[in-house]
Amino acid sequence: MSEQSTGAVQADEPRPALKRKDNRAWWLVLPVVVSVAFTAVIPLMTVVNFSVQDVFSPVDRVFVGLEWFRSISRDPEVRAALVRTLLFSAQVLLLEIPLGVALAVVMPRRGLGVSVALVLVALPLLIPWNVVGTIWQIFARGDIGLGGWTINNVLGVNFNYTLDSTDAWITVLLMDVWHWTPLVALLAYAGLRSIPEPYFQAAQIDAASAWATFRHIQLPRLRGVLTIAVLLRFMDSFMIYTEPFVVTGGGPGNATSFLSILLSKIAVGQFDVGPAAAFSLLYFLLVQILCYVFFTVLTRSGR
């Protein structure tokens, strides 16, 4: 058969119809899209709208452009709150990451002690944030609190977090360490449990010390979970609000007035909707930038 006749026969054969894509699965995603739109996108667009206006009443507004963004970025009180927030986040990371890893290393790996240790470590994470603030508000008081009374009467130190700015800062910092170090410990413990047992058997055969085993076997394997722990703890500490607000209210003075507390005072206390909206957008952008920097540095250092 010639090539022309073969081509004619192939041309006469019916071509298979294109299969239509079944897009019905998108209906399962629709509730999530609607939920995100109402809980995230629409409120964000509302905040953007308020950030470029001076709102006098629900019906009386004046367009001011980027004026609120300039005033917030130049406000010395905002800059001071930013420094306090960055310092607090740095101290939280320097304390909670090593403590969490150390706690994970000493936790048992076999037997009934595993379940008991996991429950005890996870208990602070189950307590709501406002309850944590109330617990430490009472615990650190010098007259009725066990911690404050012990410091004042047993150690002989004049401790009063309601009047002394250093005492207030230490109280808030210790409260955050007590509340969130278990999260780091649980993440690190999960990373340690994922290390194959032959690694430790080889270390025992080589008579490696506990520090050498941790440095050369455990710590490299924890790089991924520690990256997650650093990002989570940085974001949470940088946006902390409930605990210090309950304990100190941002005081004494402005000693524990972080960015979140200052934003709440502008938005709720003073009801300056325009500056508060611009403040919140700058706050949100700053968190995103810092988290990106953290993630980039941590991932590149692991290569």
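The structure is a predicted model, in which local features need pLDDT of at least 70 and side-chain atom pairs count only at pLDDT 80 or more, while totals for chains, interfaces and linings use all residues. Residues are numbered from 1 along each chain as its sequence is written, and side-chain values use heavy atoms, with hydrogens and water left out.

The unreviewed UniProt entry places the feature "domain: ABC transmembrane type-1" at residues 82–294; such positions follow the numbering used here, feature names are shortened, and annotations may be inferred rather than shown by experiment. This span is 75% helix and 0% strand, and its end C-alpha atoms lie 17 Å apart. Helices (H or I, at least four residues) and strands (E, at least two) are DSSP runs, numbered from the N terminus.

Helix H11 covers residues 223–238, and its 16 residues should span 22 Å at 1.5 Å a residue, which agrees with the 22 Å between its end C-alpha atoms. The expected span is 1.5 Å times one less than the number of residues. Among the buried residues of H11 are Leu-226, Leu-231, Arg-233 and Phe-234; buried means under 20% relative accessible area, exposed over 50%, and partly exposed in between (1.4 Å probe, protein chains only).

Arg-233 also takes part in a salt bridge with Asp-176, with the closest N and O atoms 2.8 Å apart. This pair links distant parts of the chain, since Arg-233 sits in helix H11 and Asp-176 in helix H8 (residues 165–193), 57 residues apart. Both partners are buried, and together with Glu-96 and Asp-236 they are linked in a network of salt bridges. A salt bridge here is a side-chain nitrogen of Lys or Arg within 4 Å of a carboxyl oxygen of Asp or Glu.

The structure holds seven salt bridges. One of them joins Glu-77 and Lys-265, whose closest N and O atoms are 2.9 Å apart. Glu-77 lies in helix H4 and Lys-265 in helix H13 (residues 259–269), so the pair ties together parts that are 188 residues apart in sequence. Glu-77 is partly exposed, with a relative accessible area of 30%, and Lys-265 is partly exposed at 35%.

Turning to the largest pocket, five residues of its lining come from H14, the largest share. Helices H3 (67–74), H4 (76–106) and H14 (273–301) each supply at least two lining residues. Among the residues that line this pocket are Ile-72, Arg-79, Leu-259 and Tyr-283.

Terms used
1 Å grid on protein atoms, 1.4 Å probe; cavity = no way out; pocket = protein on both sides within 12 Å on 5 of 7 lines; lining within 4 Å.
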